[in-house]
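User: I would like to learn how to read the features of a protein model step by step, starting from the general idea each time and then turning to the case at hand. Could we work through one together?

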Amino acid sequence: MQPGLLLVNLGSPASPQTQDVKTYLKTFLSDQNVIEMPPAIWQPLLRGIILPMRAWRSATFYRDSWLPQGSPLIVNSQAIQRLVQAELPTWDVQLAMTYGDPAIDQTMTAMHARGDTDIVVLPLFPQYTQSTHAGIQQQAQATGISFKFITHFYDQPIYQDLLADQIQRCYDQHHYDAIIMSYHSIPTAMVHHGDPYQQQCDATTQAICERLSPTARAKVMTAYQSKFGPMPWLKPYLKNELMSLVEMGKRNVLIATPSFVVDCLETLEEDYVQNYQTFKTSGGDRLDLVPPMNDDTTFSQFLAHLASQQLAVTTHA
């Protein structure tokens, strides 16, 4: 009998080959928590137009960022799992993905079979949004196994201190004209339907600003990246903001990505390659990224503390 902790990230194709990427995208983009459009309308578009056009292109991006050990998102998430396990030696700490392997239901079932009690499910997303958390929660509930669910951690002072310190240290290394807090965008319709994500992103930026030096704080702005499809998503878009900054003579920019805790396609390919190229082509001089938490031991210690705190609260409630 032991407590269990299930860390969950989004997922990744089994390989960077086009067919595996297509399979992954089909599963991911068929989730109505991600795409709210009625399936009768969306599925023909997805299967007939989007997947044939997008799969091969996404596969090239995955190949560019793929590590010898595998997908960077999974490799970095596994590093967090190992570090958290070391912090919680009496727990069973496992990792699962919302889409792809290891699957949430299979992992939770195995944990339950090993005698794990009081399982805590911790999505590796600081801010809550339907498009990430709802699918995790539904898959966990479908197992019929009791669990505690951590909905967000953007508002935890320890996490805010960690993130602000990371940004400040990067800012102090060079002269920057602007600091962009770039969050993964979501459809504006979700926000209109009550999704708290944008509010939590704004609160994250505010908390970080309060912890930065006055000089750095004055240069902070918020943007959103990784838009998909023709529908309106949260703005301003990161790529447009980068071009606008150059036009205003702000040619040295630092990007932080507070909605990503590990390096993945969005940071490695979209930001380090695509957005970097856009920035340089527009006339920018220096574009740097604050690394995500990845295998930062202090961050893993925070996650271990968060899980222990959640278990203690629910146990004594």
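User: How many aromatic pairs does the structure hold?

Analyst: A pair of aromatic rings is described by the distance of the centres and the angle of the planes. In this structure, which is a predicted model, there are 13 aromatic pairs. In one of them, the ring centres of Phe147 and Phe149 are 6.3 Å apart and the planes stand at 75°, so this pair is edge-to-face. Phe147 and Phe149 are both buried. Tyr183 and Tyr224 make another pair, with ring centres 6.1 Å apart and planes at 40°, so that one counts as tilted. Since Tyr183 belongs to strand β5 (residues 178–184) and Tyr224 to strand β6 (residues 220–225), the pair ties together parts that are 41 residues apart in sequence. Tyr183 and Tyr224 are buried as well.

User: Which residues form one aromatic cluster?

Analyst: The cluster is made up of Phe153, Tyr159, Phe299 and Phe302.

User: In what order do the four strands of the open sheet stand, and is their pairing parallel or antiparallel?

Analyst: Strands of a sheet pair through backbone hydrogen bonds, either parallel or antiparallel. Here the order is β6-β5-β7-β8, and the pairing is parallel. The edges are taken by β6 and β8 (286–289), each of which has a single partner strand, so one side of each is left without a neighbour in the sheet. On average, and with direction ignored, neighbouring strands of this sheet are turned by 25° against each other. Between strand β7 (residues 252–256) and β8 there are four bridges, and Ile255 has Leu289 in β8 as its bridge partner. Helix α10 (residues 238–247) lies across β5, β6, β7 and β8, and runs at about 140° to β6.

User: How many bridges join β1 to β2?

Analyst: Seven bridges join β1 to β2, and these two strands run parallel. Within this arrangement, Leu6 stands opposite Gln94 in β2. As for burial, β2 is mostly covered, with seven of its eight residues buried.

User: Which residues of helix α4 are buried, and what do they pack against?

Analyst: An α-helix has 3.6 residues a turn, so residues three or four places apart point the same way. In α4 (residues 104–113), the buried residues are Ile104, Thr107, Met108 and Met111. They cover an arc of only 95° around the axis, which puts them on the same side of α4. Gln106 and Ala113, by contrast, are exposed on the other side of α4. The packing partners of the buried residues of α4 are β1 (2–11), β2 (92–99), β3 (116–123), α5 (130–142) and β4 (147–149). Just after α4, Gly115 takes a positive phi of about 95°.

User: How many disulfides are there, and where is the nearest cysteine sulfur to Cys170?

Analyst: A disulfide is a covalent bond between the sulfur atoms of two cysteines. With a cut-off of 2.5 Å between the cysteine sulfur atoms, the count comes to zero disulfides. For Cys170, which is in no disulfide, the nearest cysteine sulfur is that of Cys209, 16 Å away. Cys170 is buried, with a relative accessible area of 14%. Cys201 is in no disulfide either, and the nearest cysteine sulfur to Cys201 is that of Cys209, at 13 Å. Cys201 is also buried, with a relative accessible area of 0%.

Technical notes. Residues are numbered from 1 along each chain as its sequence is written. This is a predicted model: local features need pLDDT of at least 70, side-chain atom pairs count only at pLDDT 80 or more; totals for chains, interfaces and linings use all residues. Side-chain values use heavy atoms; hydrogens and water are left out. Buried means under 20% relative accessible area, exposed over 50%, partly exposed in between (1.4 Å probe, protein chains only). The arc is that of the directions from the helix axis to the C-beta atoms. Contact means heavy atoms within 4.5 Å. Two strands pair if DSSP finds at least two bridges between them. Rings of Phe, Tyr and Trp (its six-membered ring) pair if their centres lie within 6.5 Å; planes under 30 degrees apart count as stacked, over 60 as edge-to-face and the rest as tilted. Axes are lines fitted to C-alpha atoms, for helices over the stretch in contact, and angles run from 0 to 180 degrees between N-to-C directions.
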